[in-house]
Amino acid sequence: LGPPECLAVQTATGDLQRPATDLERINPRVSKTDARNQARNKADVIWHERLISNCGNETLCREVRSLRARSRSIDGALFRGLANAEGSSEEHTEIARLIGAGDLQAAANKVNEHWVEGIAVVTRWMDEMTEKGAVI
């Protein structure tokens, strides 16, 4: 999922300040400590949807959405919420800053790092759950 989302960020067009501002506005809901897991998860979905919204390639956007839906159905996100909400929020902040600065390549690189870290966090969570006897 990382590489297609990175490409969507790299190929963003138009006014980049508006999506950056929107991303900054949405982001606090991702790590809101008093929110339920599902609320934080929904905020993360909204954030990532806004992230790709300036991509001019609708086919690519559809593919990213499809991959995101598939991954969320198997990675435990619907059950556990975000495995590292605070870390995700910090990474989102940096990505939004880079987009607002017009540095789409650096933003795409940070998006890739975000997904790589996310995979590591989810894998650790799945290992912990398996050790506890959960069937994932």
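Does C6 count as buried or exposed? At 8% relative accessibility, C6 counts as buried; buried here is under 20% relative accessible area and exposed over 50%, with partly exposed in between (1.4 Å probe, protein chains only). Before going on, keep in mind that this is a predicted model, where local features need pLDDT of at least 70, side-chain atom pairs count only at pLDDT 80 or more, and totals for chains, interfaces and linings use all residues. Residues are numbered from 1 along each chain as its sequence is written, and side-chain values use heavy atoms, with hydrogens and water left out.

Back to the cysteines. Searching the whole structure turns up zero disulfides (a disulfide being a pair of cysteine sulfur atoms within 2.5 Å). C6 is in none, and its nearest cysteine sulfur, that of C55, sits 12 Å away. For C61, the closest cysteine sulfur is also in C55, at 3.8 Å, which is too far for a bond. C61 has 2% relative accessibility, so it counts as buried.

C61 also belongs to the buried set of helix α4, along with L60, V64, R68 and R72.

At the N-terminal end, N57 caps α4, with a side-chain oxygen 3.1 Å from the backbone nitrogen of T59. After α4 comes G76, whose phi is positive, near 85°.

Definitions and conventions. Helix = DSSP H or I, 4+ residues; strand = E, 2+ residues; numbered from the N terminus. Polar contact = N/O pair within 3.5 Å; in protein donor to acceptor, adjacent residues only side chain to side chain.
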